[in-house]
Amino acid sequence: METRPIFKIVGVGGGASIAVDYMYGEYGKNVSYALIDTSRFIISNAKVPVKLLISPDNRAVVRSDRANSLASQHVAEIGSLFDDGTEVAFIIAGMGGITGTGAAPTVARISKERNIITIGIVTTPFKCEGEKKLAVARKGIEEMARNVDSLIVIDDESLNEGDMERTVLGSFDKSNEAMKSVINDILAICSAKAITCIDFMDVVFAFRNGGHAVVVSGEGTGPNRVIDAIENARKTPLASGYDFASAKRLIIMLYAPGDSGQSFQLKEVELLAEYLSAFPEDMDIIWGLAVDENLKDGMRVTLIASSLPSPYGPGEVIAE
């Protein structure tokens with residue numbers, strides 16, 4: 001059977017290019033990578049073989065609107081990056097800077113216009129970087145939201161909260177790991193050894209025109225392990241600022257040990273049903289069960305919540 005790249009991870013801008021270079025080679029043949037930047041230095045030193053320099057010379061790009069203009073001048077070249085069977089594109093960018101903020105929305109739009117499920121994964125600056133950068137980031141997030149199917153915002157402030165002894169480089173590593181974990185969780189659902197099946201089309205359903213989205217995982221042990229796993233997932237920094245009960249779509253992927261004595265039990269199905277009964281009746285909830293041979297007696301869960309209200313205002317769901 002022919003294997004083609006279903007997923008593509010695209011880093012736009014310096015920080016995102018470094019992050020995608022960090023992920024390069026982590027996944028199988030169904031995942032391809034590309035970098036888009038205005039920095040010749042970053043492009044030339046990256047391991048990722050597919051990369052596009054959109055700056056015509058070595059002069060620094062100092063405004064995000066200039067980066068957006070440069071991306072708009074390379075529509076054909078950017079579009080060709082997706083002409084390889086890509087069905088889901090992760091567009092990764094840091095918001096608040098220059099190239100990622102300016103060019104990533106254009107890259108996302110080009111992907112989405114090809115009917116590719118386009119998921120933006122963006123990071124926000126720390127508060128100490130100043131109100132001006134935060135305002136630029138917010139504007140970039142709004143632009144991304146208009147040009148993707150779903151947008152996952154990784155708040156670096158929340159991610160590193162309570163750990164001010166962490167080095168600056170350590171905080172970047174933490175952000176890179178967070179982006180990687182989101183992609184890991186999505187890819188794992190699509191390739192899981194499923195008993196009660198959630199598959200690629202369920203993931204498509206969750207993210208197609210899904211607005212703000214969250215992807216988180218958690219683990220639980222003991223008699224209440226399934227609920228504890230879900231609650232632990234909901235408490236992670238990646239879920240900070242979001243109310244899961246406000247989501248329109250919720251995917252719950254449960255992973256249990258394969259051993260019959262520790263595998264998912266019927267009484268736990270009842271616990272899960274009772275827990276989910278507290279969510280709004282009009283929420284689309286899909287849950288599935290897969291075997292994870294690395295688990296001994298606990299359970300792990302991945303949640304994908306989409307069509308969430310924006311965490312930045314009283315707001316409105318981006319897409320219905």
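Biologist: Which residue follows H9, and what about its phi?
Modeller: Asn209 follows H9, and its phi is positive, near 50 degrees. Keep in mind that this is a predicted model.

Biologist: Okay. Is H9 enclosed or open, and why?
Modeller: H9 covers residues 200-207, and six of its eight residues are buried, so the helix is largely enclosed by the rest of the structure.

Biologist: Which residues of H9 are the buried ones?
Modeller: Phe200, Asp202, Val203, Val204, Ala206 and Phe207.

Biologist: And what happens at the start of H9?
Modeller: Asp199 is there, with a side-chain oxygen within 3.1 Å of the backbone nitrogen of Met201.

Biologist: Back to Phe207. What does it contact, leaving aside its neighbours in sequence?
Modeller: Leaving out residues within four places, its contacts include Ile117, Ile119, Ile152, Ile186, Val215 and Ile304. Asp149, Ser150, Ala213 and Arg249 are in contact with Phe207 as well.

Biologist: Which residues touch the most other members in the largest nonpolar core?
Modeller: Phe207 is one of them, along with Ile9, Ile91 and Ile121. That core has 99 residues. Nonpolar side chains tend to be buried together in soluble globular proteins.

Biologist: Is Met23 buried or exposed?
Modeller: Buried, because its relative accessibility is 0% and the cut-off is under 20%.

Biologist: What does Met23 touch?
Modeller: Not counting residues up to four places away in sequence, Met23 touches Ile9, Tyr33, Ile92, Asn176, Met179, Lys180 and Ile183. Met23 and Ile9 are 14 residues apart in sequence, and their C-alpha atoms are 9.1 Å apart.

Biologist: New topic. What volume has the second largest pocket?
Modeller: About 460 Å³. Its lining has 21 residues. Nearest its centre are Ser64, Asp65, Thr101, Val136 and Lys139.

Biologist: Which helix gives the most to that lining?
Modeller: H6, with eight residues. Helices H3 (64-72), H5 (99-113) and H6 (131-147) each supply at least two.

Biologist: How many lining residues of that pocket are nonpolar, polar or charged?
Modeller: Five are nonpolar, nine polar and seven charged.

Biologist: Last one. Where is Thr86 found?
Modeller: In the loop between helix H4 (75-80) and strand S4 (88-94). Thr86 has 8% relative accessibility, so it counts as buried.

Biologist: What polar contact does the side chain of Thr86 make?
Modeller: One with the side chain of Asp84, at 2.6 Å.

Key. Residues are numbered from 1 along each chain as its sequence is written. This is a predicted model: local features need pLDDT of at least 70, side-chain atom pairs count only at pLDDT 80 or more; totals for chains, interfaces and linings use all residues. Side-chain values use heavy atoms; hydrogens and water are left out. Buried means under 20% relative accessible area, exposed over 50%, partly exposed in between (1.4 Å probe, protein chains only). Helices (H or I, at least four residues) and strands (E, at least two) are DSSP runs, numbered from the N terminus. A polar contact is a pair of N or O atoms within 3.5 Å; within protein, one must be able to donate a hydrogen and the other to accept it, and residues adjacent in sequence count only if both atoms are side-chain atoms. On a 1 Å grid over the protein atoms alone, a cavity is a set of points where a 1.4 Å probe fits but cannot get out, and a pocket is an open set with protein on both sides within 12 Å along at least five of seven lines; lining residues have an atom within 4 Å of a point. Grid points are joined across faces, edges and corners, and a volume is the space filled by probe spheres set on the points. Ala, Val, Leu, Ile, Met, Phe, Trp, Tyr, Cys and Pro count as nonpolar, Asp, Glu, Lys and Arg as charged, and the others, Gly among them, as polar. A nonpolar core is a set of buried Ala, Val, Leu, Ile, Met, Phe, Trp, Tyr and Cys residues joined through side-chain atoms within 4.5 Å. Contact means heavy atoms within 4.5 Å.
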